[in-house]
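Here are a few friendly notes to read alongside the structure. Keep the view open and find each pair as you go.

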Amino acid sequence: YKPGCAISDCTITVSNPLAQFSSSYTMVEDTIFLSHTYIPGFLAGCVDLDDGLSGNALQGLPRTSKGIIGFSHSELALPSQLVLSNKLIPKFSLCFPSSNNLKGFGNIFIGAGGGHPQVESKFLQTTPLVVNPVATGAVSIYGAPSIEYFIDVKAIKIDGHVLNLNSSLLSIDKKGNGGTKISTMTPWTELHSSLYKPFVQEFINKAEGRRMKRVAPVPPFDACFHTSTMRNSITGLAVPRIDLVLAGGAQWTIYGANSMTVMTSKNVACLAFVDGGMKPKEMHSIQLEASVVIGGHQLEDNLLVIDMASSKLSFSSSLLLRNATCSHV
């Protein structure tokens, strides 16, 4: 409604991490329409794009975007509100399509484990979610725990070989630094410099063992190879396999479709992991306290189920192994 969004004394922090935009605006209560159902009483932040101050609120998003939906631990996040107002199971799932599939759509299920029982029952592994006691991210409350999602990575393997890493970086310290978080706002997985260097070197060593021809780096990536020296497989380029060994014995396997990115018209594919401490300023996350930030490319065609009640993450690893994708399961 004009002028402005609403008349209210209640404010809310609105954030767009892609534009590094964050400011306080009016909280509104509205009715939303989802899955052929009207849902009243939905709380959101409303930004008046015509006020002369908020022109970059949607910067970095597709042109047709009207805003951002939060999926964090926050009580104002979309899953939390829908679960509470509709008495649903406190669980939601995300399945992002491949960036190579321009016509593909992913899936979001709220109040259920994913809508793919054949995938869930047989192939999902589960690991506990870790609570970072210190607030992190673009929107946080001082003194409150983080509302972002962290998991406990115990070790990293490449083609079965356990890397010799500084294990203390894999844990969250008293200041909230370290550990591993999942971020849909980060395009590529970021590693602390002390983890990144041995990780990339071991990948290169294993790649050379497969006779993959290394070529000049393509920023921001360091390990790049000529595609003519790699064969294709059901899970993308046949490259060294990366395993994240998680708490509880689960193992998140990253195959070529998620570990590599093909450079346009260069016949070059690069390891899609970046140095969290050496990237250009504009590529940094809002806050990079975590030693490992699992990014969007590594999440493509992976079914993720977050159980908010038991604080657990279930994951499929690549659905390509099951001859499925997030667009067609």
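This is a predicted model: local features need pLDDT of at least 70, side-chain atom pairs count only at pLDDT 80 or more; totals for chains, interfaces and linings use all residues.

1. Start with the link of Cys-224 and Cys-270, which is right-handed, with 105° about the S-S bond. In it, the two sulfur atoms of Cys-224 and Cys-270 are 2.1 Å apart.

2. Another disulfide joins Cys-95 to Cys-326, with 2.1 Å from S to S. Its torsion about the S-S bond is about -75°, and therefore the Cys-95 and Cys-326 disulfide is left-handed. Cys-95 belongs to strand β4 (residues 91-95), while Cys-326 is in the segment after β23 (312-318), so this pair ties together parts that are 231 residues apart in sequence.

3. Now check the surroundings of that pair. Cys-95 is buried because its relative accessibility is 2%, and buried means under 20%. Cys-326 is buried as well, at 0%. Cys-10, by contrast, counts as partly exposed, with 37% relative accessibility.

4. Next come the salt bridges: a search of the whole structure finds 5. One of them brings together the side chains of Glu-148 and Lys-181, at 3.2 Å from N to O. Glu-148 is in the loop between β6 (125-130) and β7 (149-151), and Lys-181 is in strand β10 (residues 180-182); the pair links distant parts of the chain, 33 residues apart. With a relative accessible area of 3%, Lys-181 is buried.

5. Look also at Asp-159 and Arg-210, whose side chains meet in a salt bridge of 3.2 Å, N to O. Asp-159 lies in the loop between β8 (153-158) and β9 (161-162), and Arg-210 in the loop between α3 (193-209) and β12 (214-215), so the pair ties together parts 51 residues apart in sequence. Asp-159 is partly exposed at 27% relative accessible area, and Arg-210 is partly exposed at 37%.

6. Finally, find the salt bridge between the side chains of Arg-241 and Asp-243, at 3.0 Å from N to O. Which end of it is buried? Asp-243 is, at 0% relative accessibility, whereas Arg-241 is partly exposed, with a relative accessible area of 30%.

Notes. Residues are numbered from 1 along each chain as its sequence is written. Side-chain values use heavy atoms; hydrogens and water are left out. A disulfide is a pair of cysteine sulfur atoms within 2.5 Å. Helices (H or I, at least four residues) and strands (E, at least two) are DSSP runs, numbered from the N terminus. Buried means under 20% relative accessible area, exposed over 50%, partly exposed in between (1.4 Å probe, protein chains only). A salt bridge is a side-chain nitrogen of Lys or Arg within 4 Å of a carboxyl oxygen of Asp or Glu.
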